[in-house]
Amino acid sequence: MLYDMKTLEARKRYKLLASLVVPRPIAWVSTISNDGSVNLAPYSFFNVMGHDPAVVALGILEHPEKTLKDTVRNITETERFTVNLVAEDQALSMNETATDLPNGESEADYASVQLCSAIANGVPGVAQSSVRLECQLMQTVPTRTQQRIILGEILSIYVRDALLIDPDTAQIDLDAHSPIARMGGPGTYCRTSDRFDIRRPDSQTQPID
């Protein structure tokens, strides 16, 4: 089956991409409005896009009724956001924050998610999250619709000590670090604990560890 993405209706384009490009890490994004309200929402069109500078990308879909989602508005106004990675024991809380609340109401309060102070960008993070990426807006890329692609530079990364094998070499214990990922459908996720290794063809070259 060949799908023409230029003519296919948006709902079906989303279903295809969300089900085929998997697994996708989850960015549990916290932002703060100009009046100090904290917004917290999960997005799975997300990944890192480089290390020098360290860049994250968020694909934020348009809201069916509002002009802009609160996350986009807050990032645009303050140029700051924090990406909190989601472990399995946080899945239910993360899912609750996907609810659509009126502008100015905090999803963190709604889902009883404890927040913590920022280190570098002033945006509170999720206290329970083992990894937090505090970011500064680099660029907002508009599309033909209200969808936005947000590029942010990572200013600091908090990593819980239990995830580190060696802080000096930044070596991570992958058995301790097990974020969940998004699969197809609105509520389908996977674990990242089932892994395998393949030696690179250029294994004589020293990799970046």
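Arg 11 and Glu 9 pair up through their side chains in a salt bridge, at 3.8 Å from N to O; the term stands for a side-chain nitrogen of Lys or Arg within 4 Å of a carboxyl oxygen of Asp or Glu. Keep in mind that this is a predicted model, where local features need pLDDT of at least 70, side-chain atom pairs count only at pLDDT 80 or more, and totals for chains, interfaces and linings use all residues. Residues are numbered from 1 along each chain as its sequence is written, and side-chain values use heavy atoms, with hydrogens and water left out.

**Salt bridges**

- The structure has five salt bridges.
- Glu 9 and Arg 11 also belong to a salt-bridge network with Lys 12.
- Arg 11 is partly exposed at 49% relative accessibility, and Glu 9 is partly exposed at 42% (buried is under 20% relative accessible area, exposed over 50%, partly exposed in between, with a 1.4 Å probe and protein chains only).
- Asp 70 and Arg 73 form a salt bridge at 2.9 Å, N to O.
- Both Asp 70 and Arg 73 sit in helix α2 (residues 70-78), three residues apart, or about one turn of the helix; helices are DSSP runs of H or I with at least four residues, strands are E runs of at least two, and numbering goes from the N terminus.
- Asp 70 is buried at 8% relative accessible area, while Arg 73 is partly exposed at 25%.
- Asp 175 and Arg 195 make a salt bridge at 3.6 Å, N to O.
- Asp 175 is in the loop between β12 (171-172) and β13, and Arg 195 is in the segment after β14, so this pair ties together parts 20 residues apart in sequence.
- Asp 175 is exposed at 66%, and Arg 195 is partly exposed at 34%.

**Sheet**

- Three strands make an open sheet in the order β1-β13-β14, paired antiparallel; strands pair if DSSP finds at least two bridges between them.
- β1 (24-25) and β14 (189-190) are the edge strands, each with a single partner, so one side of each has no neighbour in the sheet.
- β1 and β13 (residues 181-182) run antiparallel and are joined by two bridges, with Arg 24 opposite Arg 182 in β13.

- Leu 20 belongs to helix α1 (residues 10-20) and is exposed at 65%.
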